[in-house]
Amino acid sequence: MTTESALQTARTQLRRAVELLQLTENDWQTLSTPRRILEVAVPLRRDNGNVEMYKGFRVQYSTTRGPSKGGVRFHPDIDMDETVALAMLMTWKCALTNLPYGGAKGGIAVDAHTLSLGENERLTRRYTSEILPIIGPERDIPAPDVGTDERNMAWMMDTYSVNAGFSVPGVVTGKPIVLGGSLGRTSATGDGVAISTIEALRVKGIDQKGATVAIQGFGKVGYWAAIALENLGLKVVAVSDVSGGVTGFSSVADLWKYFQANGNLNMPGTDKITQEELLHLDVDVLIPAALADSVTEKTASGIKAKIIVEGANAPTTPGGDQILNDNKVLVVPDILANSGGVIVSYFEWVQDKQNYFWSADEVKQNLNDIMMKSFREVEHMAKDKKVSWREAAHMIGVARVAEAHRLRGLYP
Ligand code: NAD
């Protein structure tokens, strides 16, 4: 058995798209190289007075189609290779959904759970200050990801603005509404996962009413996807977080209430399951919405779901993908399935630029329009070229970036 790193996985997927599109070796060189990589040391004064050093990263993989765009992750395992891989995925995702952006990613190798509120703020502000020369509304626009949320975005926006001397809301997205955030951004990725799920059920000819779903990850993506799907009449039968899984709850809303009050999923009357048991449940839809590499050569063969909707980035390794394809599981790939977040981030940036804010209905309608258009394009490409949905999605995204490269030419 081989285990692939997130970067190996991303490069394998890119190589395949380049081959399918019959692009040149020059195109491969251009497309497979990140444009700007910054590693910074982020000192943190702990509440007890001790000073600790953390590694911070920001990768601007591409700026060919516009400013780079991507999340900021606080997670102890993050490193430069993974950040490059995630920035590469953001590039194809923005191109697939036709947003005027390149791709980026960043983060700090830290466990956010170990930080007090004050420590989190100091770390976020210092990180922002270290990457400040390369971010900005026309350069690179960070957003929340694993371990960060709208609070971190507010601190990032404030740090940037204090340095600029005036308010610059467009420097980050995923901000609180009162600071220029967009209605609908908090739930956008989960809403987009739900749109993808409904469309995938249509393709597979499965009735959405009562269709069963298991979700790995109960954070910003997993929770909102669960709520949206439950509201659409599907039955969420299991969810998990880092501590393990749970099944047998009556509704996601009830479980969430318990989780908010107690900080764990051990709600009385429910049953505990392991991550692997969750992945192998006999459900219609499996949604990995936690971290990379959860569906691997080892776990894929036991998967009984007919559809996988990738809420997380890079949750499936190429080995896992092969097994799912052989078993005729429909995989809606990350760059399509979880694109709702960056789509509404784009709406937020547009609203900030215009100082004119949309209604929740406008946001929802425009999100739906873009996701449905991308979904149809991927569906048609997969059918026409007889490739998997992942290959189709990458072909569309990569082709757009390659064309933009060609049209802009090579300077000097
Ligand atoms: P989050 O920090 O809000 O939630 C992550 C969830 O995963 C938590 O419930 C956590 O307990 C769980 N988790 C962590 N490690 C786990 C493990 N080993 N096994 C099982 N569960 C584990 O993060 P999020 O924003 O929901 O992001 C989740 C995934 O979705 C990431 O891959 C992220 O890059 C991707 N994503 C997020 C957004 C967004 O808008 N937040 C957009 C697109 C993609």
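Start by colouring the two domains: the domain assignment gives domain 1 as residues 34-173 and domain 2 as residues 188-332. Keep in mind that you're looking at a predicted model. Where the domains meet, 12 residues of domain 1 and 6 residues of domain 2 make the contact.

Now zoom in on that interface. About 560 Å² is buried between domain 1 and domain 2, and carbon and sulfur atoms supply 55% of that area. What you can look for instead is polar contacts: 3 residue pairs make them across the interface of domain 1 and domain 2.

Next, select helix α3, residues 80-96. On the side of domain 1 that touches domain 2, α3 contributes the most, with 4 residues. Colour that side of domain 1 by class and you'll get 4 nonpolar, 3 polar and 5 charged residues.

For the last stop, hop over to Thr 270. You'll find Thr 270 in the loop that links α8 (252-262) to β9 (271-273). Is Thr 270 buried or exposed? Its relative accessible area is 17%, and buried means under 20%, so Thr 270 counts as buried.

Show the side chain of Thr 270 and look for Met 267: a polar atom of that side chain lies 2.5 Å from the backbone oxygen of Met 267. Then bring up the residues that Thr 270 touches beyond four places away in sequence: Val 246, Thr 247, Gly 248, Phe 249 and Leu 265.

How values were computed
Residues are numbered from 1 along each chain as its sequence is written. This is a predicted model: local features need pLDDT of at least 70, side-chain atom pairs count only at pLDDT 80 or more; totals for chains, interfaces and linings use all residues. Side-chain values use heavy atoms; hydrogens and water are left out. Domain bounds come from an automatic or database domain assignment. Contact means heavy atoms within 4.5 Å. Buried area is the accessible area (1.4 Å probe) that two parts lose on being put together, summed over both. A polar contact is a pair of N or O atoms within 3.5 Å; within protein, one must be able to donate a hydrogen and the other to accept it, and residues adjacent in sequence count only if both atoms are side-chain atoms. Helices (H or I, at least four residues) and strands (E, at least two) are DSSP runs, numbered from the N terminus. Ala, Val, Leu, Ile, Met, Phe, Trp, Tyr, Cys and Pro count as nonpolar, Asp, Glu, Lys and Arg as charged, and the others, Gly among them, as polar. Buried means under 20% relative accessible area, exposed over 50%, partly exposed in between (1.4 Å probe, protein chains only).
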